[in-house]
Amino acid sequence: MVDGSLLKPIAKNGNSTNMSEEKTITAREGKIKHPILMEQNQYISLPGQIKNSILEDILNGELKPGEKITEEVYAKKLKVSRAPVREAILMLITEGVAHKIENRGTFLYEHNLEEILDLYAFKRYIEMRALEKVEDNEDLTEILDKMEYHAQQMVIDLDDLNHISQHNYLYHFELVKAANSRVLTNMYPSYYVSINFIQHESYMKHQSREKVLRKALDQHFSIVEHLRNRNFDRAKKVFIQHHKEATELIFNNYVNNMWMDQKRRGSDLNPRLKMPSSDYKKHPVVLNAGAFSLQSAQKRLLSRFLIVIKTAVLSC
C-alpha cells in the first residue's frame, strides 16, 4: 500500500520535504495522504486512513505513551467531521494501541515490559511470516531496491533517531507488503508504533549508541544482500539475530529505567529487576523472546489478535 511516491527525499528533521502539502484531507476526496504510512489504497476506509495518520504522529514522536488522543484536534487538523475520527480512535483501541478512561478520554497505551515483549513477538512473527511468503516472488528487485534505499537513508545521520526510526519502519514495511497479505499489511503498523517509543528510547540511552546502531544497520544491508542472492535461509538467520538483539536492548533499557526509578523513590525493588546489567540476557523473559516462539504472546493476546484480524479484513 506504500507506493513509489514514498521514495522522495526526507528532510533532516524527519519530515517529508512537502509534508504540509501531503498531509491534507477533504471530504470530497475522502483520502488522506501522508508520507510515512502512505495508505492510499482505494479500499481503505476514511476512518482507516485517519487511523494511519494518528499512527504516523506516534511514529514521529508527536504523540507519546500516556498522552491523550483528542477527536477535535484531529478533526480540525485533517479537515473532517468528528464521526470518522471517533471511529478511527475506536480502531486504535481495538488494536491495543490506545485505551479509553471513562470521563477522561482516550490515551495512548503505556505498556509494561511483558506487554512490550509480547507486542515485539507479534511484530517479529509478521516480519518472519512475510519473509517466508516472499520466497514465492520470482522478482524481488523492486522491493529490495526500496529496502536498500531506506537502509542507506538510515546511515546518513546516526544522531537523528527520528529520521532513522521512520526509515526503519519503511524498510521493514516494504518486506511485509511484499508478502501480498492484506491481513499482515494492515496489522503491522499498529504493532510497530506500539513499541517504537521504547525502542527509540533504548537506542537513545545506550552508552554505545553508534556502535549498536551500526551493527543493526549492517544487518539491514546483509538481509537485502542475501535476498538478492535468493539465499532465504541466511536472510532468516540474520533476521532472527536482528530481532533477538533488539529485544535484549529493549529489555535492558526498560529494566534499567525501572531499577533507577525505584531506587530514586527508595521503594523495594522488584525481584525480577535485582540483577547486574550484564545478566539481563539470562533473564527468562529475554530468553523466551529470543527464541522464535509465540506461546507467551498467544496466551496474552489471542483475543486481541482475532479482533485485529477482523478489523483488518473489514477495513480493506
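User: Where does Ala246 lie?
Analyst: In this predicted model, Ala246 lies in helix H10, residues 232-265. Helices (H or I, at least four residues) and strands (E, at least two) are DSSP runs, numbered from the N terminus. Residues are numbered from 1 along each chain as its sequence is written, local features need pLDDT of at least 70, side-chain atom pairs count only at pLDDT 80 or more, and totals for chains, interfaces and linings use all residues. Side-chain values use heavy atoms, with hydrogens and water left out.

User: Is Ala246 buried or exposed?
Analyst: Ala246 counts as buried, because its relative accessibility is 6%. Buried means under 20% relative accessible area, exposed means over 50%, and partly exposed is in between (1.4 Å probe, protein chains only).

User: How far apart are Ala246 and Gln199 in space?
Analyst: Their C-alpha atoms are 7.9 Å apart, while the two residues are 47 residues apart in sequence.

User: Now salt bridges. How many are there?
Analyst: A search of the whole structure finds 15 salt bridges. A salt bridge is a side-chain nitrogen of Lys or Arg within 4 Å of a carboxyl oxygen of Asp or Glu.

User: Why do such side chains pair?
Analyst: Side chains of opposite charge can pair when their charged atoms come close.

User: Which residue forms a salt bridge with Lys77?
Analyst: Lys77 forms one with Asp57, and the closest N and O atoms are 2.7 Å apart. This pair links distant parts of the chain, with Lys77 in helix H3 (residues 71-78) and Asp57 in helix H2 (residues 46-59), 20 residues apart. Lys77 is partly exposed, with a relative accessible area of 32%, whereas Asp57 is buried at 1%.

User: Which residues are in the network with Asp57 and Lys77?
Analyst: Glu62 is linked with Asp57 and Lys77 in a network of salt bridges.

User: What about Glu148 and Arg228?
Analyst: Their side chains meet in a salt bridge, with 2.8 Å from N to O. Glu148 is in helix H6 (residues 141-154) and Arg228 is in helix H9 (residues 209-228), so the pair links distant parts of the chain, 80 residues apart. Glu148 counts as partly exposed at 27% relative accessibility, and Arg228 is partly exposed with a relative accessible area of 35%.

User: Changing topic, how much space lies in the second largest pocket?
Analyst: About 410 Å³ lies in the second largest pocket. On a 1 Å grid over the protein atoms alone, a pocket is an open set of points with protein on both sides within 12 Å along at least five of seven lines, and a 1.4 Å probe defines a cavity as a set of points where it fits but cannot get out. Grid points are joined across faces, edges and corners, and a volume is the space filled by probe spheres set on the points.

User: Which residues lie nearest the centre of that pocket?
Analyst: Of the 18 residues that line the second largest pocket, Pro65, Glu110, His111, Phe197 and Ile198 lie nearest its centre. Lining residues have an atom within 4 Å of a point.

User: Which element gives the most to the lining?
Analyst: H8 gives the most to the lining of the second largest pocket, with 6 residues.
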